[in-house]
Amino acid sequence: MSAQTKPPQLDWLIRNARVATLSDSEHTYGALNNATIGLAAGKIAVIESDSNAAETLHATNEIDAQRQWLTPGLIDCHTHLVFGGNRAQEFEWRLQGESYQTIAQRGGGIVSTVNATRTLSQEALFEQSAPRLERLLEEGVTTVEIKSGYGLNLQHETAMLTVARRLGEEYPVTVRTTFLGAHAVPPEFQAASNPKQAYIDHVCQEMLPAIAESGLADAVDVFCEGIGFSVAQCEQVFRAAQAFQLPIKGHVEQLSNLRGAVAAAKHHAMSVDHIEYLANDDVHVLKDTVAVLLPAAFYFLHETQKPPVNALRAAGVAMAVASDLNPGTAPMASLLNAMNQACVLFDLTPEEALRGATCHAARALKCHDKGVIRVGADADLALWGIDHPAELSYAINFHRPTAVWQDGKLSKQARMSNA
């Protein structure tokens with residue numbers, strides 16, 4: 001495999017690499033046994049598997065991969081990593097037998113994080129959130145989606161999205177932002193005759209227009225659930241978002257089957273996320289969207305209802321895997337651990353898990369030039385000192401990349417002998 005036209009000068013050459021291109025599904029991992037990858041202007045410019053031809057290539061910087069495995073940079077396509085405080089007390093309550101719904105009804109859950117987040121300045125919110133992002137980057141994550149949803153008013157939702165964008169500016173990572181105003185009903189709306197509807201009207205009529213005008217959001221999300229919002233209310237948000245040409249996605253079928261995934265697919269959602277209670281009969285409607293699996297929440301909530309992975313697989317629905325990093329139901333800043341959980345808890349294969357955290361995650365964010373290794377794709381790459389790509393899903397806290405390139409720039413390199 002090689003480029004037809006080789007640039008006269010490359011920024012980077014990565015020689016002697018085994019490569020999991022993930023660029024097709026016909027071959028295991030889309031693997032190349034001994035390849036040279038050339039990077040230029042933030043893109044993958046050359047993929048050369050002919051060692052003689054590769055010798056003619058030159059670059060400003062070169063690295064001998066020593067037959068380590070090169071993968072696309074990992075993509076965490078569903079996180080809530082910008083928030084204030086923590087919910088360790090609620091974790092203890094759940095272990096004592098209280099349900100997620102009961103805790104939410106007594107003022108815990110999402111609303112407790114809203115109260116903590118609203119007390120922080122943007123600077124304090126950034127300082128609390130940055131270490132969580134750093135943990136993801138240590139594992140080779142080069143793209144991350146960050147949702148709002150813990151502000152629940154225009155001032156604090158805007159602050160969350162502003163902090164998320166700042167994280168993308170100050171760290172070597174691509175950040176995609178999602179407005180999740182329809183996450184829960186804030187305290188100030190509880191006295192309304194119909195609190196949920198009053199708040200959804202406010203989201204659609206006041207908050208969304210301002211968020212769209214600010215340009216701070218790349219997409220709009222909703223929490224479609226009994227303790228969240230009804231299908232009709234979520235569809236109201238979808239229509240409002242699409243009036244501003246903002247793509248939509250949904251937290252759906254996490255705790256019950258409201259058929260929110262069907263509604264989201266009808267509105268051409270980028271992704272439907274959680275989907276543990278998705279009915280087999282509804283899987284076929286998802287063929288043009290991405291099913292995002294979030295095993296950490298399943299794990300932390302002691303759930304037993306698994307997403308219909310076999311039906312999704314049989315229908316050819318793309319399955320992404322994400323950390324769901326959040327303070328309540330998935331306090332876990334590890335996409336590699338989520339990949340392991342997706343295999344152990346949801347029966348994905350290691351290859352499906354890696355594709356779920358790369359090419360399928362890219363599709364869930366409409367990042368079409370990410371998540372694969374092919375000529376013309378973004379030069380977001382991770383090099384791993386492993387013998388086989390399955391090791392990334394097999395072991396917990398065994399592996400960190402030896403080198404990471406984000407947008408064609410080396411953002412991390414560990415010591416490598418004779419490199």
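**Domain, helices and a salt bridge**

Tutor: The end C-alpha atoms of residues 70-390 lie 13 Å apart, and this span is 42% helix and 15% strand. Helices (H or I, at least four residues) and strands (E, at least two) are DSSP runs, numbered from the N terminus.

Student: What does UniProt place at residues 70-390?

Tutor: The UniProt record, an unreviewed entry, puts the feature "domain: Amidohydrolase-related" there. Such annotations may be inferred rather than shown by experiment, and their positions follow the numbering used here.

Student: Where do the numbers and values come from?

Tutor: Residues are numbered from 1 along each chain as its sequence is written, and side-chain values use heavy atoms, with hydrogens and water left out. The model is predicted: local features need pLDDT of at least 70, side-chain atom pairs count only at pLDDT 80 or more, and totals for chains, interfaces and linings use all residues.

Student: OK, helices. At what angle do H5 and H6 cross?

Tutor: Roughly 50°, with the axes of H5 (residues 122-138) and H6 (residues 154-170) coming within 10 Å. Axes are lines fitted to C-alpha atoms, for helices over the stretch in contact, and angles run from 0 to 180 degrees between N-to-C directions.

Student: So what do we call that arrangement of H5 and H6?

Tutor: H5 and H6 are therefore oblique to each other. Angles under 35 degrees count as roughly parallel, over 145 as roughly antiparallel, 65 to 115 as roughly perpendicular and the rest as oblique.

Student: Which residues of H5 and H6 meet?

Tutor: Among them are Phe126 and Leu133 in H5, and Met160 and Val163 in H6. Contact means heavy atoms within 4.5 Å.

Student: And H6 with H7, what's the angle?

Tutor: About 30°, with the axes of H6 and H7 (residues 195-214) 10 Å apart. H6 and H7 are therefore roughly parallel to each other. Leu154, Glu157, Thr158 and Leu161 in H6 meet Met207, Ala210 and Ile211 in H7.

Student: How about H7 and H8, what angle there?

Tutor: H7 and H8 (residues 231-243) pack at about 5°, with their axes 10 Å apart. That makes H7 roughly parallel to H8.

Student: New topic. How many salt bridges are there in the whole structure?

Tutor: A search finds 21. A salt bridge is a side-chain nitrogen of Lys or Arg within 4 Å of a carboxyl oxygen of Asp or Glu.

Student: Which residue does Arg15 pair with?

Tutor: Glu62, with the closest N and O atoms 2.9 Å apart. The pair links distant parts of the chain, 47 residues apart: Arg15 is in strand S1 (residues 10-20) and Glu62 in strand S4 (residues 59-64).
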